[in-house]
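The structure is shown first.

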Amino acid sequence: MEKFLIDHWMDILGTLTGLIYVYQEYKASIYLWITGIIMPVIYIFVYYEAGLFADFGMSIYYTLAAIYGFVAWKLFSNKEHKEVPITHIPKRYILPTIIAFCALWVGIYLILIHFTNSNVPILDSLGNALSIIGLWALARKYLEQWWIWIVADIELSLLYLYKGLFFTGGLYILYVIISFAGICKWKKIMATQ
């Protein structure tokens, strides 16, 4: 048991940080972005060691996206310093978002098959393309971001379990459950805005 914990300590640390992050996201707290800077830095090492190169690259993106998200939530808050309101994705963004997702999936897949020795390029690129779109939707505080995360987290949890990242795989299963609760919570917050 001790050897297992020593071998997986970064996976465990990332999982604990991820729990804090998803709780802050559930509460729609701006502090999720601070945790969102710390967590991907941990996962840079976890994913590289596991050979999940798209996830490795995504961790760099997550760090930058967390900085953007924090600034966006601060800048777009109103003059009374209230937080950015939760809204729906505007209908005019749906088709461009789907096109962006498809382009990201194909682009990441091509990078993986041509520049890495990934043995799971389709699944690794799928989860990451969804995550890019999910982070954009979260930064804009769109309610539908939860649905994007549900799909991404189901797929990624299976991928991480397959790759032996049991704590991270378990974390992503928990993310799926929390995402359903997050939808309900954010709908209640929307009703009181």
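## Helices α2 and α3

In α2, Met10, Asp11, Leu13, Gly14, Thr15, Thr17, Gly18, Ile20, Tyr21, Gln24 and Glu25 meet Leu32, Thr35, Gly36, Ile38, Met39, Ile42, Tyr43, Phe45 and Val46 of α3 (contact means heavy atoms within 4.5 Å; helices are DSSP runs of H or I with at least four residues, numbered from the N terminus). This is a predicted model, in which local features need pLDDT of at least 70 and side-chain atom pairs count only at pLDDT 80 or more, while totals for chains, interfaces and linings use all residues. Residues are numbered from 1 along each chain as its sequence is written, and side-chain values use heavy atoms, with hydrogens and water left out.

The axes of α2 (residues 9-26) and α3 (residues 32-50) come within 9 Å and cross at roughly 155°; axes are lines fitted to C-alpha atoms over the stretch in contact, with angles from 0 to 180 degrees between N-to-C directions. The two helices are therefore roughly antiparallel (angles over 145 degrees).

## Helix α6

Helix α6, residues 121-139, has 19 residues. From first C-alpha to last, α6 reaches 27 Å, close to the 27 Å expected at 1.5 Å a residue (1.5 Å times one less than the number of residues). Of its 19 residues, 16 are buried, so α6 is largely enclosed by the rest of the structure (buried means under 20% relative accessible area, exposed over 50%, partly exposed in between, with a 1.4 Å probe and protein chains only).

## Cysteines

The structure holds 0 disulfides (pairs of cysteine sulfur atoms within 2.5 Å). Cysteine 102 is partly exposed at 39% relative accessible area, and cysteine 184 is partly exposed at 47%.

Methods
Parallel < 35°, antiparallel > 145°, perpendicular 65-115°, else oblique.
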